[in-house]
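Please keep the sequence and the structure in view while reading.

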Amino acid sequence: GMIAFPYYYIFELLGPFWEFMGYAVLVLSLVLGILNRHIFVFMFSIVVLMGILISSIAFFLAEKGVIYFKGREFRQSLLTVLEENFGYRQFISMHRTFSFVAYLFRNKGWQKLDRRGFSEFAEVETESGGGL
């Protein structure tokens with residue numbers, strides 16, 4: 001717990017906010033014209049290579065225990081490890097950020113769900129001309 005909880009808090013909970021803030025600062029610096037392109041390319045390369053390294057290590061550790069993929073599937077999976085750092089990762093990061101913010105501001109109760117029986121469902125289907 002002394003290792004897992006701080007890891008979860010720093011990387012899994014706060015990580016998407018930092019990543020999203022980095023994208024906002026990137027766009028803002030592009031708009032204001034204060035982006036140093038050499039530093040951007042250097043930092044971007046480091047971040048992408050680190051993402052590829054972490055994904056590759058996870059992939060190879062999973063394959064070490066049980067061989068899931070062979071031949072062509074293995075090569076396609078390695079290509080996916082490379083591709084996930086361009087677009088998919090950013091989408092997931094923004095989704096996690098917006099979902100967490102929505103969670104903070106929404107009612108957290110169980111939310112009462114109106115129950116509908118099978119007979120009510122069958123009546124609606126019969127009236128609309130559809131069937132089961």
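Which residues does Ser93 touch, not counting residues up to four places away in sequence? In this predicted model, Ser93 touches Pro16, Glu19 and Phe20 once those sequence neighbours are set aside.

- Ser93 is found in helix α5, which covers residues 88–105.
- Ser93 counts as buried because its relative accessibility is 4%, and the cut-off for buried is under 20%.

**How α1 and α2 meet**
- The axes of helix α1 and helix α2 (residues 15–32) come within 4 Å and cross at roughly 25°.
- That angle makes α1 roughly parallel to α2, because angles under 35 degrees count as roughly parallel.
- On the α1 side the contact is made by Ile10, Phe11, Glu12 and Leu13, while α2 contributes Gly15, Pro16 and Phe17.

**Leu13 in α1**
- Leu13 lies in helix α1 and, leaving aside its neighbours within four places in sequence, is in contact with Tyr8 and Phe100.
- Leu13 and Arg96 are 83 residues apart in sequence, and their C-alpha atoms are 8.9 Å apart in space.

**A nonpolar surface patch**
- Phe5, Tyr7, Tyr8, Tyr9, Ile10 and Phe11 make a nonpolar surface patch of about 700 Å².
- Tyr7, one of the residues of this patch, is found in helix α1 (residues 4–13).
- With a relative accessible area of 44%, Tyr7 is partly exposed, because this value falls between the limits of 20% for buried and 50% for exposed.

Note on methods: Residues numbered from 1 in each chain as written. Predicted model: local features only at pLDDT ≥ 70, side-chain atom pairs only at ≥ 80, totals over all residues. Heavy atoms only, no water. Patch = residues over 30% accessible without salt bridge, like charges linked within 9 Å, V, L, I, M, F, W, Y side chains within 5 Å. Areas by Shrake-Rupley, 256 points an atom, 1.4 Å probe, with all protein chains shown as cover. Salt bridge = Lys/Arg side-chain N within 4 Å of Asp/Glu carboxyl O. Helix = DSSP H or I, 4+ residues; strand = E, 2+ residues; numbered from the N terminus. Buried < 20%, exposed > 50% of the residue type's maximum accessible area, 1.4 Å probe, protein only. Axes fitted to C-alpha atoms, helices over the stretch in contact; angles between N-to-C directions. Parallel < 35°, antiparallel > 145°, perpendicular 65-115°, else oblique. Contact = heavy atoms within 4.5 Å.
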